[in-house]
Amino acid sequence: MANHRTYLIVALAAVAAIAVFLTLSACGAGDNGDSTVEQVRAEGDCVECHRSATPGLVETYEEGPHVNNITCLDCHNPREGLETMDHNGFEVVRVTTAGHCAECHEDEYDQHVSSRHGAPAWAAVAGNDTAYDGREPFTAEQIAMVPEAHQAAVNRGGNPLAAWEGAGAVENGCAVCHEIGAPNADGSVGNCSKCHLRHTVRVDEARLPETCGSCHMGPDHAMLEIYNESTHGVLFSSMRDDMNLGVTPSELTTKDMPVPTCSTCHMSGLNDATMTHDVTERLSYYLFAPISKERPDGAMGRENMKEICLNCHGPSHIEEFYADADLTLHRTNEMVAHVKEIVDGLYADGFAIAGGFDDLLDYKWFDYWHYFGRTAKHGAYMGGPDYTQWHGNYELSLQTFEFEELDAEMRGH
Ligand code: HEC
Ligand code: HEC
Ligand code: HEC
Ligand code: HEC
Ligand code: HEC
Ligand code: HEC
Ligand code: HEC
Ligand code: HEC
């Protein structure tokens, strides 16, 4: 009896030692390599107490990929610049930043901050001349992480529409989407939790069109609606239950996801392709601009995207698709340039005041390119015929006449 008990104790001690070793070495594999005894202890203490304090939170954490290796403290440990709190024997931060994630996922972080999901996204609202919404402007170091081609998109003034609408509109609107690239108090940039829910952190959720669509929707960037009406979107909704959306990125193949979602085309490492968190990497034109120009690395961006299509399509199908979409782009550019000339003329001749959002003309012009021009282009490149035509080209045609009549009316002809 006594012998059995000794064996049992020795065996339990060995299991415990292996468990501690595995935890430490697995964290090492995650590149942080310096887990302390306190962190290992934290795993037990935080989870045990939070199972009654916030059971829903612990349950989602336990469904995610971090449950085996990553403790609560790994993501809630103090980092320079962040406000800390004394919490049941631990020092923790309430706000986890992209800087925490970067401690273990450096590549994903570097790619994120070099894309337009980084600093340009925040500067689109806040500009970079003064503190905004409690956040300091980007430092020179943070701006240096942005590729040169997009640095002008960081060094700009605050958005006039945001200024005009005021703090409430910004906090509940613009900022919720554009925070994806906001500066954090620890010097890091961005918010990974906009696509990876903070405690669930599952790739199947990040791959859903609805995740991207929580920001990429509505009249000015109707990607979700366009996707839903595209052949890809329709097929996805009929096949999603049979797809293996949770497979780890390095192993993702067309067998797991035979139909693309937003992430497949813009981010995933499908078959032999390399996964990227730089969503700018596969693009060729600035479609969001009033008049779209080619991007500095546009030709390469287009090749990168085509390589993804070619996992599932033949080359002539894809060449034709791009040739047609380019036609829409050039036609939209022509129409927007024509109306811009009318609008600039009215500003120049003093019939309205240029800049800001204080004339009806400002809004009509903004709707023209920002809603209908963009929608025609986005629809054409992502396979949404109704958006290209009835929400895009038709409105452009109709409103071109309206601008011509408005011009005559204002000038009194
Ligand atoms: C003895 C119980 C207990 C332990 C141990 C514990 N917590 Fe908590 N924690 C709570 C309770 C209760 C709350 C909610 C009320 C509060 O803020 O005190 C909370 C709140 C939090 C908050 C949110 C604070 C806020 O202001 O919203 C974070 C973050 C947090 N805990 C993280 C941790 C981490 C990380 C650990 C382990 C290092 C941990 N907790 C250990 C009980 C505990
Ligand atoms: C992968 C990183 C990560 C891990 C691991 C993690 N958290 Fe969090 N946690 C976050 C993020 C991100 C937030 C949101 C911070 C913010 O408000 O910006 C957060 C917020 C919280 C909050 C406040 C949530 C709210 O809705 O009020 C609590 C409480 C908390 N965490 C507790 C825990 C506990 C307990 C564990 C371990 C079971 C844990 N966290 C593990 C990233 C993590
Ligand atoms: C202490 C290191 C560490 C921190 C901090 C950390 N992670 Fe992780 N993360 C890992 C490890 C290790 C894995 C692999 C887990 C596995 O495969 O069992 C992982 C897995 C993941 C995965 C899933 C990959 C898959 O194949 O399903 C995502 C997504 C992820 N982390 C995102 C984040 C985000 C976002 C944050 C910050 C909020 C974060 N991580 C913080 C170490 C960390
Ligand atoms: C929290 C909001 C949010 C989510 C979620 C989001 N995005 Fe974005 N995305 C933005 C904003 C804001 C911009 C505009 C950045 C800029 O140019 O200022 C953007 C821009 C982009 C761009 C264009 C980049 C460029 O260089 O012009 C692509 C492509 C993109 N997102 C793809 C995605 C995909 C794919 C997903 C989902 C996996 C996604 N986004 C999820 C907010 C979001
Ligand atoms: C529902 C989420 C959402 C809201 C709310 C939102 N945006 Fe955006 N915004 C986006 C996305 C997504 C893009 C990217 C469009 C694209 O790439 O085609 C974008 C693009 C932009 C751009 C063009 C890109 C650039 O870098 O110049 C500007 C400027 C902008 N938004 C400013 C604002 C302002 C100002 C507000 C509030 C008045 C606002 N946005 C509200 C999601 C949003
Ligand atoms: C625009 C949405 C979006 C944002 C923002 C985002 N991710 Fe991801 N992430 C994804 C998607 C989608 C995947 C899965 C890609 C695929 O299909 O292979 C992914 C996968 C990952 C993985 C798994 C990598 C692997 O090889 O197993 C890690 C780790 C990760 N992200 C970390 C981060 C970190 C850290 C940040 C913030 C710096 C971040 N992500 C921001 C969408 C996002
Ligand atoms: C079948 C592949 C595919 C799918 C699926 C897809 N896209 Fe795209 N997306 C493209 C192509 C092609 C372009 C045009 C690229 C270029 O500039 O050459 C594009 C352009 C974009 C842009 C850049 C717009 C700009 O203003 O420059 C954004 C943002 C975007 N997509 C987001 C999304 C979102 C969000 C979803 C899902 C709701 C999605 N995409 C689904 C292929 C796809
Ligand atoms: C993961 C596989 C996959 C990827 C990647 C993919 N597609 Fe598709 N695509 C499909 C499938 C499956 C269909 C439906 C084919 C059918 O009708 O059987 C489809 C249909 C289409 C259609 C509609 C064809 C028609 O005549 O109705 C177009 C256009 C299209 N894809 C263009 C593209 C472009 C452009 C890209 C890259 C930017 C792309 N696809 C990437 C799988 C993919």
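For my notes, Ala, Val, Leu, Ile, Met, Phe, Trp, Tyr, Cys and Pro count as nonpolar, Asp, Glu, Lys and Arg as charged, and the others, Gly among them, as polar.

**Ground rules**

I am reading a predicted model, in which local features need pLDDT of at least 70 and side-chain atom pairs count only at pLDDT 80 or more, while totals for chains, interfaces and linings use all residues. Residues are numbered from 1 along each chain as its sequence is written, and chains are lettered from A and ligands numbered from 1 in the order in which they are written.

**Overall look**

I found 19 helices and two strands in the chain; these are DSSP runs numbered from the N terminus, with helices being H or I of at least four residues and strands E of at least two. The C-alpha trace spans about 110 × 50 × 35 Å along its principal axes. I also noted that 31% of the 413 residues count as buried, meaning that 20 or more other C-beta atoms, placed from the backbone, lie within 10 Å of a residue's own.

**Ligand 4**

Here I see 23 residues, with Arg116, Lys194, Cys212, Cys215 and Thr280 the closest. Among the helices that give two or more residues are H7 (119-126) and H12 (209-213). The classes are 13 nonpolar, eight polar and two charged. Why do I place ligand 4 between domain 2 and domain 3? Domain 2 (106-194) and domain 3 (203-411) both give residues to its shell, so it lies between them. The domain bounds come from an automatic or database domain assignment.

**Nonpolar cores**

A core here is a set of buried Ala, Val, Leu, Ile, Met, Phe, Trp, Tyr and Cys residues joined through C-beta atoms within 7 Å. The largest has 26 residues, and Met223, Ile226 and Val339 have the most contacts inside it. Helix H18 gives the most to this core, with eight residues. A second, separate core of 24 residues includes Phe138, Val170, Ile180 and Ala182.

How values were computed
Near = placed C-beta within 6 Å. Buried ≥ 20, exposed ≤ 12 C-beta atoms within 10 Å, placed from the backbone.
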